[in-house]
Amino acid sequence: MQVSIACTEHNLKSRNGEDRLLSKQSSAAPNVVNAARAKFRTVAIIARSLGTFTPQHHISLKESTAKQTGMKYRNLGKSGLRVSCLGLGTWVTFGGQISDEVAERLMTIAYESGVNLFDTAEVYAAGKAEVILGSIIKKKGWRRSSLVITTKLYWGGKAETERGLSRKHIIEEIVRAMTHVINQGMAMYWGTSRWSAMEIMEAYSVARQFNMIPPVCEQAEYHLFQREKVEVQLPELYHKIGVGAMTWSPLACGIISGKYGNGVPESSRASLKCYQWLKERIVSEEGRKQQNKLKDLAPIAERLGCTLPQLAVAWCLRNEGVSSVLLGSSTPEQLVENLGAIQVLPKMTSHVVNEIDNILRNKPYGKKDYRS
């Protein structure tokens with residue numbers, strides 16, 4: 001199954017800037033980024049087939065394994081597409097931080113644990129992440145129809161015609177482009193990433209007005225310290241037009257993992273030159289307050305019999321509008337630990353959630369607590 005997602009990027013300097021640095025393209029001039037912002041600040045995510053696979057044998061998604069791990073599946077927004085509530089992302093890791101062998105191991109663990117959603121982007125590791133993902137699927141012989149793969153478009157290459165979402169890149173208009181992609185059989189659904197609620201609503205209105213295909217989901221950052229969009233804006237869109245949330249960074253780029261409790265370790269991501277923004281966030285006054293809150297959350301995790309990362313991921317999953325949470329793991333051990341959040345989800349009672357809210361003190365004012 002292919003899913004296309006079109007997305008407006010409001011912070012190209014941060015995430016896309018990191019991707020270009022990690023792809024050894026840090027020499028790009030600042031005016032390129034500024035021009036992109038002025039152009040429409042748009043990133044499109046497209047879930048493509050990543051080639052035609054003709055394996056010798058087929059290995060379907062094992063229902064027994066999924067039951068054993070307790071993996072749950074939810075509709076992507078109000079569409080008919082069923083996705084695992086935990087997905088595997090490839091940002092930073094595939095083609096960059098980890099070897100191809102580790103990437104294959106991570107995908108195997110995820111797949112055999114019932115994960116059917118894998119997220120990548122054309123800019124990740126300058127395109128290597130997509131290639132590695134497709135190669136692993138072909139090598140493993142997994143049935144293509146058992147997978148949901150998403151990828152993101154915008155920073156396609158250095159040439160002017162290889163960037164953005166103009167007619168030269170896909171088609172001039174995003175909604176028309178995504179409809180074209182789906183009609184051509186290159187994807188089955190499309191959604192947005194880092195768009196505002198107003199932009200998503202506008203896309204939906206345009207699609208309805210011209211008999212085109214509207215978006216089904218929004219890919220948004222969501223974790224203990226980032227709540228406003230997913231808990232305030234997206235629920236309204238979910239109930240009005242059926243747009244669901246596919247969230248990323250449940251551990252806030254590792255901040256919630258606990259490894260930054262006593263500063264920035266030399267081997268951590270925040271110690272890398274291209275992640276100085278993360279280091280600055282951690283050592284800031286707000287960062288120190290967040291670490292203190294994480295220490296206060298630790299007893300809750302201990303009482304529930306889980307780790308702090310598992311508690312954080314389960315907390316994201318408790319939101320009824322979240323279709324899937326994308327995990328980013330660099331080691332098999334980390335992935336197995338994060339997948340264990342499925343077992344913690346039933347323990348996220350209203351009492352536990354209230355305890356967490358009392359510690360965080362950042363719940364959006366006057367809004368309903370959305371839980372599944």
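Let's start with a pair of strands. Strand β6 (residues 117–119) pairs with β7 in the parallel sense, over three bridges. Two strands count as paired if DSSP finds at least two bridges between them. Helices (H or I, at least four residues) and strands (E, at least two) are DSSP runs, numbered from the N terminus.

A word on the model. It is predicted, so local features need pLDDT of at least 70, side-chain atom pairs count only at pLDDT 80 or more, and totals for chains, interfaces and linings use all residues. Residues are numbered from 1 along each chain as its sequence is written, and side-chain values use heavy atoms, with hydrogens and water left out.

Now the overview. The protein has 15 helices and eleven strands. Of its 372 residues, 55% are buried. Buried means under 20% relative accessible area, exposed means over 50%, and partly exposed is in between (1.4 Å probe, protein chains only). Take the contacts with a separation of 6 or more: 78% of them join residues 24 or more positions apart. A contact means heavy atoms within 4.5 Å.

Back to our strands. Which residue of β7 is the bridge partner of F118? That is I149. Strand β7 covers residues 148–153, and six of its six residues are buried. V148, T150 and K152 point one way, while I149, T151 and L153 point the other way.

Next, the helix in this unit. β6, α6 and β7 make a right-handed β-α-β unit. Right-handed means this: with the strands pointing away from the viewer, the path from the first strand over the helix to the second runs clockwise. S135 lies in helix α6, residues 128–140. S135 is partly exposed, at 43% relative accessible area. Its side chain reaches the backbone oxygen of V131 at 2.8 Å. The C-alpha atoms of S135 and D100 are separated by 9.7 Å, and these two residues are 35 apart along the chain.

On to T90. It sits in the loop between β5 (86–89) and α4 (93–97). Is T90 buried or exposed? T90 is buried, at 1% relative accessibility. Its side chain makes a polar contact with the side chain of T120, at 3.1 Å. A polar contact is a pair of N or O atoms within 3.5 Å; within protein, one must be able to donate a hydrogen and the other to accept it, and residues adjacent in sequence count only if both atoms are side-chain atoms. Leaving out residues up to four places away in sequence, T90 touches D119, T120, Y124 and A129.

Ten of the ten residues of α12 (residues 308–317) are buried, so α12 is largely enclosed by the rest of the structure. In α8, the buried residues include E199, I200, A203, Y204 and A207. They cover an arc of only 140 degrees around the axis, which puts them on the same side of α8. That arc is taken from the directions from the helix axis to the C-beta atoms. The face turned away from the buried side carries the exposed residues M198, R208 and Q209.

Last, backbone angles. Just after α8, N211 takes a positive phi of about 55 degrees. R194 is not a glycine, yet it has a positive phi of about 60 degrees. R194 lies in the loop between β8 (192–193) and α8, and is buried at 14% relative accessible area. R361 has a positive phi near 55 degrees. R361 is found after α15 (350–360), and is exposed at 72%.
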